[in-house]
Amino acid sequence: MLKIENLHATVDGKQILKGLTLEIAPGEIHAIMGPNGSGKSTLSYVLAGREGYEVTEGSVTYKGQDLLAMEPEERAVAGVFLAFQAPVELPGVGNANFLRTALNAVRRAKGESEVDAIQFLKLARARMKVLNMPDDMLKRPVNVGFSGGEKKRNEMLQMAMLSPTLALLDETDSGLDIDALKMVADTVNSLRGPTFSALVITHYQRLLNHIVPDHVHVLSAGRIIRSGGPELAQELEATGYAASVAAA
Amino acid sequence: MPAVTETLETVQSVTEGGYKWGFETDIEMEFAPKGLNEDIVRFISAKKNEPAWLLEWRLKAFAMWKKMEEPSWAAVSYPKIDYQDAYYYAAPTQKVKPKSLDEVDPELLKTYAKLGIPLKEQAILAGVEGAGDTPADGGRMPIAVDAVFDSVSVATSYKERLAKDGIIFCAISEAVQEHPELVRQYLGTVVPQADNYFAALNSAVFTDGSFVYIPKGVRCPMELSTYFRINAKSTGQFERTLIIADEGSTVSYLEGCTAPQRDENQLHAAVVELVALDDATIKYSTVQNWYPGDAEGRGGIYNFVTKRADCRGARSKVSWTQVETGSAITWKYPSCILRGDDSVGEFYSVAITNNRQQADTGTKMFHIGKNTRSTIVSKGISAGRGQNTYRGLVKISPKAAGARNFTQCDSLLIGDECGAHTVPYIENRCMSAKVEHEATTSRIAEDQLFYCRQRGLSEEDAVGLIVNGFCREVLKELPMEFAVEAQKLLQISLEGSVG
């Protein structure tokens, strides 16, 4: 489904990713853990196609296509969803309008009919109920004045509505209380299935108690230095990253 | 929206019918000779069969105009206009209405289609014969339209229905014939002949425009609308609009403008006068998308307009809302004279400049009466090499005790070759008045664009969405029908401004 080979990337001329190789099969959830500055966020931005994140070597294939050759919006409608670490505010842009525009872009790409405002509200309200979000969050401008927890809820609402095939969660758990953390995990778990894969980027093992990954990788200095099953996360929690880094 | 689909499909089927259109609507035109002199003024007046007082009024304006200098203080630059090299009168030789949409300029229809105006309304707007006789989609608020096709108003709809309430809505030339006492009483009382260079020119040679009178205590039951259109080559358009809201009345007026593509610059110098008496409310909304010129700035409309409202009565209220996306040059300052005690003036503006467009626009609020209040919200968007200037004046006289003004000017820049300028003047001569001014300048942030694109929006759609968000405070002031149109226009205007 996703095949990353020997990926090298620079930001502002600085080499961040230095030969990262990773393969995710359909239906799998992979967790990437690692110390600050190891390149976790860079990986998610490179995969989503953000400007300024330049790939200097290596390749990424997504569903058999050259992902790196695609525009960010092409990747999005092809099913790549990035849950932002710091969701962006869009003043004056209604949340409902934004989400419906996004949903229809994805539906068009899939050859499905667009949803009108009424159908959209029905779908959105049902999802929001599950996420424990008040209705008025649809009327508010995107992320403007949202608390940290509300922003993450909003990301999860978008993810659930757009039902991606590859979700990239960039430290979505940072700064969340235990209830919000569970909400994020519940959303990911509800999407779990043979056509949903995810790359969960996190500092802490905490989130992985709720989203049990198929594979855990340790990222350090732009490369994966260890891989293992869910037990690796437990071990890291106990011993810290330093031991793994030293061993590599 | 099924209405839009229907519209697009119908336009498509119409265009596939094999009819070929040119740029100009093929209607035989009658022109006055080129150039401007007293004889032309007399010719126009005679053509319109005007009473002697109006001819005198025009001639006086013309005499004053000759002595005046074209203003040069605005932050716009353009080659010198040769006023002798234009036609000042062009009229269809017969009052022919297009029989169907087949006969309407396809460029105009294309714009309408892009804007998603339902076919029924397109027909009305384009002045198709009989199109306005039955209300548009059942249950919707109808819009009365007075279409100004070059110099002569060729279509007026819903007129009879309005007449039931005693409302007069007609071409100003018609009002001169039918209601001379009203025209004579109010014409030039808000914008005098010698007010400024372009107003003087307009007073001398104005050919048509709309006239509205709302009687005492009447709430106008529908939105009144004029679609201005410049069609004939090298014709300056000088419309004159006069709206009078008598005591306790309410009216909402929509002005929309479209112009077909053309190479030569065309001068447009309109005058709009609004009079609000005691407790009257006038809402005047404009969506202007005249041809802005090509990417290099060739062609396009020069839009030099004088719009002013006189809040003559106590507790009267005038609200200007404008969305300016077109024209090569916009020079426009819709203003309010807040004469009546407790009167209210509002100005909500969105101005977009892309490519080489220049806009110098804003408002003036003259606080004269006690406890007068004004609100100014201006949103300027510059893209390409566009230059956008907000120029405003808030003047508070010593007698305007308790006057209040709030001004907010926000500028949004797209790209690094455009410019935004804010020139707010405040003259306060009253101790108890309160004046507030806020201004911001921002860019569309890279992270905003990326966020939108990561959710599947194209870069252009993302810019459109962000710009619409930026303008929301103004767009929400527009009547529903117009707001949808304006939103799409903003996006169309910015096509090609990114990437």
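Tutor: Begin with a definition: a salt bridge is a side-chain nitrogen of Lys or Arg within 4 Å of a carboxyl oxygen of Asp or Glu. Keep in mind that this is a predicted model.

Student: Which side chain does B:R453 meet in a salt bridge?

Tutor: The general idea is that side chains of opposite charge can pair when their charged atoms come close. Here B:R453 is paired with A:E73, at 2.7 Å from N to O.

Student: How is the size of an interface given?

Tutor: It is often given as the accessible area lost when the parts come together. Between chain B and chain A the buried area is about 2,100 Å², and carbon and sulfur atoms give 62% of it. Of the area that chain B buries against chain A, 37% is supplied by B:F450, B:Y451 and B:R455, more than any other three residues. Counted as contacts, 18 residues of chain B touch 32 residues of chain A.

Student: Which elements give two or more residues to the side of chain B that touches chain A?

Tutor: Start from the polar contacts: 12 residue pairs across the interface are found by the rule, both residues at pLDDT 80 or more. On the side of chain B that touches chain A, the elements giving two or more residues are α10 (446-454) and α11 (459-470) of chain B. The largest share, 8 residues, comes from α10(B). By class, the residues of that side are 7 nonpolar, 5 polar and 6 charged.

Student: How do I describe two packed helices?

Tutor: Two packed helices are described by the angle between their axes and the distance between the axes. In chain A, helix α3 (residues 95-109) packs with helix α4 (residues 117-131) at an angle of about 100°, with the axes 11 Å apart. Angles of 65 to 115 degrees count as roughly perpendicular, so α3(A) and α4(A) are roughly perpendicular to each other.

Student: Which residues of α3(A) and α4(A) meet?

Tutor: From α3(A) come A:A96, A:L99, A:R100 and A:L103, and these meet A:A117, A:F120 and A:L123 in α4(A). By class, this contact has 6 nonpolar residues, no polar residues and 1 charged residue.

How values were computed: Residues are numbered from 1 along each chain as its sequence is written. Chains are lettered from A and ligands numbered from 1 in the order in which they are written. This is a predicted model: local features need pLDDT of at least 70, side-chain atom pairs count only at pLDDT 80 or more; totals for chains, interfaces and linings use all residues. Side-chain values use heavy atoms; hydrogens and water are left out. Contact means heavy atoms within 4.5 Å. Buried area is the accessible area (1.4 Å probe) that two parts lose on being put together, summed over both. A polar contact is a pair of N or O atoms within 3.5 Å; within protein, one must be able to donate a hydrogen and the other to accept it, and residues adjacent in sequence count only if both atoms are side-chain atoms. Helices (H or I, at least four residues) and strands (E, at least two) are DSSP runs, numbered from the N terminus. Ala, Val, Leu, Ile, Met, Phe, Trp, Tyr, Cys and Pro count as nonpolar, Asp, Glu, Lys and Arg as charged, and the others, Gly among them, as polar. Axes are lines fitted to C-alpha atoms, for helices over the stretch in contact, and angles run from 0 to 180 degrees between N-to-C directions. Angles under 35 degrees count as roughly parallel, over 145 as roughly antiparallel, 65 to 115 as roughly perpendicular and the rest as oblique.
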